Amino acid sequence: MKDAIGRHLSYSIGKTPGAATLRDWRMAVSLAIRDRMADAWFASTRRTYEAGAKRVYYLSMEFLVGRLLEDGIVNLRLEERVSEALAELGQDYAEVIADEPDAALGNGGLGRLAACYLESMSTLGCPAYGYGIRYEHGLFRQQIVDGRQVERPETWLQQPHAWEFERPESRYEIGFGGSVRDGTVWTPGESVWAEAFDTPVAGWNGRWVNTLRLWSAKPTEPFDLDRFNRGEYAAAAESEALARTISRVLYPDDTTEQGKELRLKQEYFFSAASIRDILRRFESQFSDLRQLPEKVAIQLNDTHPAIAGPELVRLLCDEKGLDFDEALQIAQGTLNYTNHTLLPEALEHWPEGLFGRLLPRHLAIIDRIDHAHAKANPSRTSSVRDHGQVKMGELSFIMANRVNGVSALHTELMKSTVFAELHRLHPERIVNQTNGVTPRRWLLSCNRRLSTLIEERLGLGWVDDLEQLHDLEPHLDDPAFLDAYAAAKTANKADLADWMNRTQEGLTADPAMMFDVQIKRIHEYKRQHLNILETIALWQAMRDAPNAGWTPRLKLFAGKAAPGYVFAKEIIHLINAVAKVVNADKITNKMLQVAFLPNYNVSLAEKLIPAADLSEQISTAGKEASGTGNMKFALNGALTIGTLDGANVEIRDRVGAENFFLFGMTTDEVDQRRAIPDHAAKAVEADSRLARALAAVRDGRFSPEDPGLFRGIADNISGPDYFLVASDFSDYWRAQREVDGAFANAGDWTRRAALNTARSGWFSSDRAIRGYLDDIWGAETLL
Ligand code: 26Q
């Protein structure tokens, strides 16, 4: 290992050890690790080919992979050798790992899920490819300036990327606009190249390696030499810059930024390139396109790649010469669609004018698909085109062999609400696949103390068979085990506290406090404002009775708001304003601290989750499709305070109701409550704590220099309150006080935390991928 690193430092990086920077060392180590994936990578491809196996293609606009070096080292089981080699070379292992920038090619849950699934597909030996976009700029970097979110560009590709291989020979010309002659001959008005970059994804033990193929946009005409020679330098480079904008930046909105032309271009760009690549690979091995459904399964990660359906039909008809009905049947046998949200504002739709201008042939094909579906299902009343919009959920559903939700509750709600009619017509089509997370990243490597303890008791079989964590349960009767479990948690908290106290002004975190954590995108439906309101009420209660024996708490928040989401940004501002006042209060600051950690990303999650005591999963029931952070916390021994929403329901079923703090209205109760006039005002009237906390927000207690600053938040909660913050407040307060009591009994708390770990094995993404293989893809694993 030492030689391999040294060789790369000299011959790939071109530095001597004396001149090498931390980045040079990190690059050299990364290349040395990457070398060791190569053989398994080639072998995986060869075995897939030789077996004539079905391949799975995961199409996603987002892959939130985070750092890759530690993941590679851990999965190849090279940790000891690398850290020894680095020590001998005078370098610090942890520093080298931490030098890598996150690949933040995603917004949140959907993108991180895609990354976990790729890793699990490799662990299981499922022949699979991820397809996405190689964004030059991932999700923006969040700064907090005077308590407010400020977005800064993210620049991960400004330094060389150790993990990717450029494939200039794998490129496709992608057209846009133009016109259609004779009904089928599309002549695009402009085009760009989609060029492939491949990243190997190694599974546990490095036995199988799949490929993440990301597309980068390149101009078809490099630059205009005539204009350059005439001295028009900017104009000469214009067409190049325009082409490259397609893969320039990830859209930072995790609901929808509706109707943006560039977004639609991105969607078509990567879907079309992927479909062509899939067909090319298929045809290099098989001759009959009618075999496609037998040899290929394509998974659409939400509707963002939905245009892949019409594109596949178009290629089969217009270029391969199949008739329309046959083409449609082949496409429908091949495609599947995962839905990740029921929020009406998040269901993707495009103005048909824009759509038809950019993709005229596809709009005609969509109409034909829709008519064919309507003809076969005469009782259908809805359609893909509606009120001048093209509805991508509807399109995805009718083009898919299987449609799935991401938690049991979410799947049932799909059937009863958004897709009720289509479900009636196709009662077999919707299936559930509850989300999962990879235990390699989300336990083994992010929480060494806990994973070492588990290894001492169980060995390492749990790493790719997570249900083995059940075998921890007998150890809960061993006080030494519980002590060690508690010690691991405390040490994780101490590390985090040290780091936060150094970096967060005004914060005094103490590992003896309960670490109460809410980390996720900032959204009204996720209700960070419910949490901060309860924090305010708690602070007020502590001030009233400072000696009432309060359980000391640190309230931790982190998360990004979409740049255009004004209310979400106000919530961030309020949290920071409350932190400033509360942390400085001499009466309470030993009992209550509040922090908003900037720039939440995968690496920060890996630091926070192992140190959490309490996991906040408090969305309005019916709104969070699944959640995956909730699973990571439970696995790492945090207890959940949560509503009956998304996968919380299944987490509670498995860890046991006595180890989960439930509160709030159910989905049905939410709908009923919303129909009651003045529901919020009534709730405020009935709870004096809520009224007092709201008054403090409204009257400028946290913004003395601008007393009206947070009035909008207070007015929303006491007025329209669509997300029922006011109506759920009293029960949330009750549950939080129950949490206080439980945490005060340290021994019992540790037991309950350990039970969360022992009973979370089902939430492995390996289990989820087996579900997709069996129920959706009908594909085999080759390990
Ligand atoms: C769409 C069009 C235009 C611009 C942006 C978008 C867009 C981008 C990202 C829409 C949605 C997203 C991301 C959604 C998402 O992350 N959903 C989450 O998916 C997780 C994995 O299934 C679930 O656990 C979460 O409950 C769900 O919110």
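**Glycine 642.** I looked up glycine 642 and found it in strand β23, which runs over residues 639-642. I am working from a predicted model. Is glycine 642 buried or exposed? Its relative accessible area is 0%, so glycine 642 is buried. I then listed its contacts, leaving out neighbours within four places in sequence. They are Gln617, Asn648, Phe660, Phe661, Leu662 and Phe663. I also took one distance across the model. Alanine 480 is 162 residues from glycine 642 along the chain, and their C-alpha atoms are 30 Å apart.

**Leucine 363.** Next I went to helix α14, residues 360-376, which holds leucine 363. Leucine 363 has 11% relative accessibility, so I count this residue as buried; the cut-off for buried is under 20%. Which residues does leucine 363 touch, not counting those up to four places away in sequence? I noted Glu352, Phe355, Gly356, Arg385 and Val390. Leucine 363 and leucine 86 lie 277 residues apart in sequence, and 57 Å separates them from C-alpha to C-alpha.

**Ligand site.** I turned to the ligand. How many residues surround the ligand? I have 21 in my notes, and the closest are Thr255, His340, Asn435, Glu624 and Gly627. I sorted the shell by class: nine polar, seven charged and five nonpolar residues. Helix α6, residues 109-124, gives the most to this shell, with three residues.

In histidine 340, a side-chain N or O atom is 2.6 Å from a ligand oxygen. For tyrosine 525, a polar side-chain atom lies 3.2 Å from an oxygen of the ligand. For glutamate 624, the distance from a side-chain N or O atom to a ligand oxygen is 2.7 Å. I then looked at cover. On its own the ligand has 610 Å² of accessible area, and the protein covers 94% of that.

**Lysine 526.** Lysine 526 sits in the loop between β19 (514-519) and α21. With a relative accessibility of 9%, lysine 526 counts as buried. Setting aside neighbours within four places in sequence, I found lysine 526 in contact with Gln518, Lys520, Arg521, Ile618, Ser619 and Glu624.

**Helix α29.** I asked which residues of helix α29, residues 711-718, are buried. They are Ile713, Ala714 and Ile717. Viewed down the helix axis, the buried residues of α29 fall within an arc of 95 degrees, so they line one face. I kept the general rule beside this: an α-helix has 3.6 residues a turn, so residues three or four places apart point the same way. The buried residues of α29 pack against α21 (528-544), α22 (566-583), α27 (679-686), α28 (688-698) and α30 (725-744).

**Positive phi.** Last, I looked at backbone angles. Most residues other than glycine have a negative phi. Aspartate 182 is not a glycine, yet its phi is positive, about 50 degrees. I placed aspartate 182 in the loop between β8 (179-181) and β9 (185-187). Its relative accessibility is 67%, so I count aspartate 182 as exposed. Asparagine 599 is another entry: not a glycine, with a positive phi of about 55 degrees. I found asparagine 599 in the loop between β21 (592-597) and α23 (602-608).

Technical notes. Residues are numbered from 1 along each chain as its sequence is written. This is a predicted model: local features need pLDDT of at least 70, side-chain atom pairs count only at pLDDT 80 or more; totals for chains, interfaces and linings use all residues. Side-chain values use heavy atoms; hydrogens and water are left out. Buried means under 20% relative accessible area, exposed over 50%, partly exposed in between (1.4 Å probe, protein chains only). Helices (H or I, at least four residues) and strands (E, at least two) are DSSP runs, numbered from the N terminus. The arc is that of the directions from the helix axis to the C-beta atoms. Contact means heavy atoms within 4.5 Å. A residue is near a molecule or strand if one of its heavy atoms lies within 4 Å of it. A polar contact is a pair of N or O atoms within 3.5 Å; within protein, one must be able to donate a hydrogen and the other to accept it, and residues adjacent in sequence count only if both atoms are side-chain atoms. Accessible areas come from the Shrake-Rupley method with a 1.4 Å probe; for residues, only the protein chains shown count as cover. Ala, Val, Leu, Ile, Met, Phe, Trp, Tyr, Cys and Pro count as nonpolar, Asp, Glu, Lys and Arg as charged, and the others, Gly among them, as polar.
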